[in-house]
Amino acid sequence: MKKINTNSRYSYTTLFDAMTDTQKLICETVGKDEYGNYILHISSTYNIGNAYSTSDEYYILTVKEYKDRLEQARKNRLISWLKYRSLLKEIHEPTVSSEKITSFERITLHISGMRFRSEYEILMKGTQAEITQYSIRCSKDGDEKVPEKSALCSQYEMLDLLNKCSLLSWDGFHGKHPKGVKDGIMFSLQAVLNGGKTIKAEGSENFPRHYRDFTDGLYSLLNDDRQ
């Protein structure tokens, strides 16, 4: 099992309950996420004083681990024989290996052209994401980052943008400048995601898929163009 590092609810479609312990107040639910990964959700409830607290952990299961949980659910009589047989027939290897972004620490996007240089910085601030747009200006002491705009949005809104733009797939992208193009826009991106994973991408008038969607999304958030 591979633990998913997230401080929020991980989105998946429930397939069945594998185990429910009413004495220990633990429930194991198995489902499938949008990438076709099998997900194990362990929910534990604790009695602290006169109040109850719940913790949730999420794991990506291998096909063998999924089969084991399915067999466990059948033995625990949490699913019928017909459902067991149906789920067993539908087992497959995930068709998409892309990992989902569940958290981030810092994302920096540097953009430059013939007459400008700017930088977008995105930081996780508790349950919110802070976006700052800087203009980079030359001074006698070197480059100076001057903040121009700043905005806050929920971490869920930012994570949704990152995943819709498939930011993880940008890692290692190196877009060579097209032949015959005299000028254009250059970019470089660095990001720390999912508890310490670092990704990098760069290009000159050559961009990864969904680059425009990402920059348009940042523009909308900074200018509060959300509906």
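Start with the largest nonpolar core, which has 31 residues. A nonpolar core here is a set of buried Ala, Val, Leu, Ile, Met, Phe, Trp, Tyr and Cys residues joined through side-chain atoms within 4.5 Å. Buried means under 20% relative accessible area, exposed is over 50%, and partly exposed is in between (1.4 Å probe, protein chains only). Select M158, L189 and F214: they have the most contacts inside this core. Now colour β6, β7, β8, β9, α3, β11, β12 (197–204) and α4, the elements that give two or more residues to it. Helices (H or I, at least four residues) and strands (E, at least two) are DSSP runs, numbered from the N terminus. Which element gives the largest share of this core? That's α4, with five residues.

A quick note before moving on: this is a predicted model, where local features need pLDDT of at least 70 and side-chain atom pairs count only at pLDDT 80 or more, while totals for chains, interfaces and linings use all residues. Residues are numbered from 1 along each chain as its sequence is written, and side-chain values use heavy atoms, leaving out hydrogens and water.

Next, zoom in on F214. Leaving aside neighbours within four places in sequence, F214 is in contact (heavy atoms within 4.5 Å) with L109, I122, L161, L162, C165, L167, W170 and L189. There's a second, separate core to find too: its 17 residues include L15, Y59, V63 and L70.

Now select helix α4, residues 211–222. Its buried residues are Y211, F214, T215, G217, L218, L221 and L222. Just after α4, click on D224, which takes a positive phi of about 55°.

Time for some rings. The whole structure holds eleven aromatic pairs: rings of Phe, Tyr and Trp (its six-membered ring) pair if their centres lie within 6.5 Å, and planes under 30 degrees apart count as stacked, over 60 as edge-to-face and the rest as tilted. Show W170, F173, F187, F207, Y211 and F214, which form one aromatic cluster. A charge sits over a ring if NZ of Lys or CZ of Arg is within 6 Å of the ring centre and within 35 degrees of the ring normal. For another case, go to Y10: the charged end of K100 sits over its ring, 5.2 Å from the centre.

Hop to strand β6 and pick H110. Setting aside residues up to four places away in sequence, H110 touches R117, S118, E119, I136, M186, F187 and S188. Follow that to S118, in strand β7. Is S118 buried or exposed? S118 counts as buried, at 10% relative accessibility.

Finish in the loops. R77 is in the loop between α1 (63–75) and α2, and has a positive phi, near 60°, without being a glycine. At 77% relative accessibility, R77 counts as exposed. E205, in the loop between β12 and α4, also isn't a glycine and has a positive phi of about 55°. E205 is partly exposed, with a relative accessible area of 30%.

Definitions and conventions
Expected span 1.5 Å × (residues − 1).
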